[in-house]
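Please examine the sequence and the structure below. The paragraphs that follow treat aromatic rings and their surroundings.

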Amino acid sequence: MFLVTIACSENNSESSNNDGSQSDEPFEFSMIVGLHTSEVPEERVQNKIEELTNTNIDIQWIPASNYYDRLNSAFATNSLPDVINVGSQEINQFRDAIEDDRFWEVGPYIEEYENLSKLKENVIENTLINGKVYGLYTGIPLSRQGYIYRKDWADNLGIDAPTSTEEFMEMARAFTEDDPDGNGEDDTMGLADRGDLIYGAFKTVSSWFGTPNYWGQNNGQLLPEFMFDEYMQTMDYLKEMHSKGYVNQDFPVTSKTDQQEMFKNGTAGIYVGAMGDVGSLYNDAIAINPELEYDVNNYVEGPDGEFGVWSLPGYGSVMMFPKSSVESEEELKNILAFFDKMMTSEVANIANWGFEGEHYEIVDGKAKLVDDALFEREVKPYNALLIGEEETRGSYESLMEYEVKVKSEELIKDNENYLIVNPTEPLYSKTFVQDSTRLQQIITDATYQYILGQIDKEEFEAAVEDWLSQGGNEIIKEYNAAWQETTS
């Protein structure tokens, strides 16, 4: 278990005190921020944040599509700002620089700040580089996965929400064969899926069977998920579903848009994926069929009677602090003090929601947008300054008026009780970074071919051997060496 170490620092400067307070003079620093809206926001929200945190922030707004090009260019020319935001998938681009001591390690300071110390330890662990913390994370739900289904169809057939893989298969069968919409025609099927082994149905169903999350332990060694029996059981399960016509036959080449359209227009009755999608799916679907009803569930036991669900690392990005621009511990502490104040309710709600009565209003203790367009234009870009999660930074949750959407958010939180974590999340394999995309294609192709009945078990195992010989053995060796270092 990782524990954040506490720095015994007695030389706090006058401008940055141990409690995160600052001098009267505003502290100036710079950030580069990805812009996900069409235009740079007005500075009213920023001015209020600066007032509340006693700072003066130079924000470079970069269109999200060009963000990493600009960031890499600034890195190459040694012109990085004081704060950069690096996505969880991109952080390895900076690994050599991190190991070369070109970024501040912030782990020793976190416990010095009242609010930063509320960051979740299990998420911090997933951000580790060589056992050290180099950034403050922006939180995302650990697992949104579950299934959405046509409750009106289930009610017509007298079916309850499936809570086992056996019951799930039966619902898929009934939705395909038992005329759930009552129109007397053979025009429905069970599951709408798409060509995505991760965010489509496959990885979530594999969780139900107890498959490890990307990597798992076997006889004291880390091995990839597809070398476990549970992965083969998942393929067999979906192969049966496919052979019986319970899922769209062309799902490996189906897009997310087409998958969702099948679910919304009444072709299919089950959607496995992010449970939070139920809100937007329902809003579109009732325009086609106002009588339609959806429901959600997360809990599906596997054949062993256990339930587990695969977990994300719990963060989307981390705020990092280059030593080339943040030249002293005093400057670092002032920046950390800023983010500590960003985790107070008052400041977090400004960055998250804007101004009460103008951008949002409070209904039943939650935030409801007053003007979506105004929020998008003036406030949403500043969401990029937030760290932690709603609960750790004390910002309002969003008001949801659709009851099933409310339920989906409750089940997303419930998933945290059943997480299957990826043990390689804080580990590093140079070969994986270089070759994983190419190597994964071998497994992806073989997985789909097996489910479609185009290859058998021996041929799938031959594909695994191909993966091993083309670099997989090196990945296994490197991950296990890194794992042994962290556990020794």
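A residue is called buried under 20% relative accessible area, exposed over 50% and partly exposed in between, computed with a 1.4 Å probe on protein chains only. The model is predicted: local features need pLDDT of at least 70, side-chain atom pairs count only at pLDDT 80 or more, and totals for chains, interfaces and linings use all residues. Residues are numbered from 1 along each chain as its sequence is written, and side-chain values use heavy atoms, with hydrogens and water left out.

A pair of aromatic rings is described by the distance of the centres and the angle of the planes. Rings of Phe, Tyr and Trp (its six-membered ring) pair if their centres lie within 6.5 Å; planes under 30 degrees apart count as stacked, over 60 as edge-to-face and the rest as tilted. The whole structure contains 33 aromatic pairs. One of them joins Tyr360 and Tyr396, tilted at 50° between the planes and 6.1 Å centre to centre. Tyr360 is buried, because its relative accessible area is 5%, whereas Tyr396, at 27%, is partly exposed.

Ring pairs also link Phe202, Phe226, Tyr231, Tyr450, Phe460 and Trp467 into a cluster. Tyr450 has Lys239 over its face, 4.9 Å from the ring centre. Likewise, Lys203 lies over the face of Trp310, at 5.4 Å from the ring centre. A charge sits over a ring if NZ of Lys or CZ of Arg is within 6 Å of the ring centre and within 35 degrees of the ring normal.
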